[in-house]
Amino acid sequence: MYSSRKKTVEELPEELTAIWSCSDDNCNGWMRDNFALSSTHQCPLCQSEMVKGERMLVALANTSPLHHKAED
Ligand SMILES: [Zn+2]
């Protein structure tokens, strides 16, 4: 009677993350500041200008192959 779905996603910590979101209200485009290309902040979906904002997002693990343990 155990649901195996329970296992799929553990509760991931969220953190306030800098993002860029599309200035077009009709567009859902946004990206993490980390992922934004250096100088241009253009919506990948509609090529509109993007505006800086913040969102609560699941903290991304460092993409580095070296696994850094969080130090308390
Ligand atoms: Zn857009």
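Among contacts in the protein between residues at least 6 apart in sequence, 52% join residues at least 24 apart. Keep in mind that this is a predicted model.

**Stop 1: the whole chain.** Show the protein as a cartoon. Look for three strands and zero helices. Now colour by burial. Of the 72 residues in the protein, buried ones make up 4%.

**Stop 2: the sheet.** Select residues 14–22 for β1, residues 30–32 for β2, and residues 50–58 for β3. Which order do the strands take in the sheet? The order is β2-β1-β3, in an open sheet with antiparallel pairing. The edge strands are β2 and β3, and each of them pairs on one side only.

**Stop 3: β1 and β3.** Keep β1 and β3 in view. How many bridges join β1 to β3? There are nine, and the two strands run antiparallel. Pick E14. The bridge partner of E14 in β3 is V58. Next, pick A18. A18 has E54 as its bridge partner in β3.

**Stop 4: β1 and β2.** In β2, the bridge partner of W20 is M31.

**Stop 5: C22.** Stay on β1 and select C22, which lies in this strand. Is C22 buried or exposed? C22 is buried, because 22 other C-beta atoms lie within 10 Å and the cut-off for buried is 20 or more. Now show the contacts of C22. Beyond neighbours within four places in sequence, they are C27, G29, W30, C43, L45, C46, S48 and M50. C22 and L45 are 8.8 Å apart, C-alpha to C-alpha, and 23 residues apart in sequence.

**Stop 6: N28.** Move to the loop between β1 and β2, where you will find N28. N28 counts as exposed because it has 11 C-beta neighbours inside 10 Å. Draw a line from N28 to L45. From C-alpha to C-alpha they are 8.3 Å apart in space, and they are 17 residues apart in sequence.

**Stop 7: Q47.** Go on to the loop between β2 and β3 and select Q47. Why is Q47 exposed? Q47 has 12 other C-beta atoms within 10 Å, and a residue with 12 or fewer counts as exposed. Check the backbone here as well. Most residues other than glycine have a negative phi. Phi of Q47, a residue other than glycine, is positive, near 65 degrees.

**Stop 8: S48.** Select S48, in the loop between β2 and β3. S48 is partly exposed, because it has 15 other C-beta atoms within 10 Å. Which residues does S48 contact, leaving aside its neighbours within four places in sequence? They are C22, S23, D24, C27 and C43. C22, from Stop 5, is among them. Last, pick S48 and G29. They are 19 residues apart in sequence and 9.3 Å apart in space, C-alpha to C-alpha.

Technical notes. Residues are numbered from 1 along each chain as its sequence is written. This is a predicted model: local features need pLDDT of at least 70, side-chain atom pairs count only at pLDDT 80 or more; totals for chains, interfaces and linings use all residues. Helices (H or I, at least four residues) and strands (E, at least two) are DSSP runs, numbered from the N terminus. Two residues are in contact if their C-beta atoms, placed from the backbone, lie within 7 Å. Two strands pair if DSSP finds at least two bridges between them.
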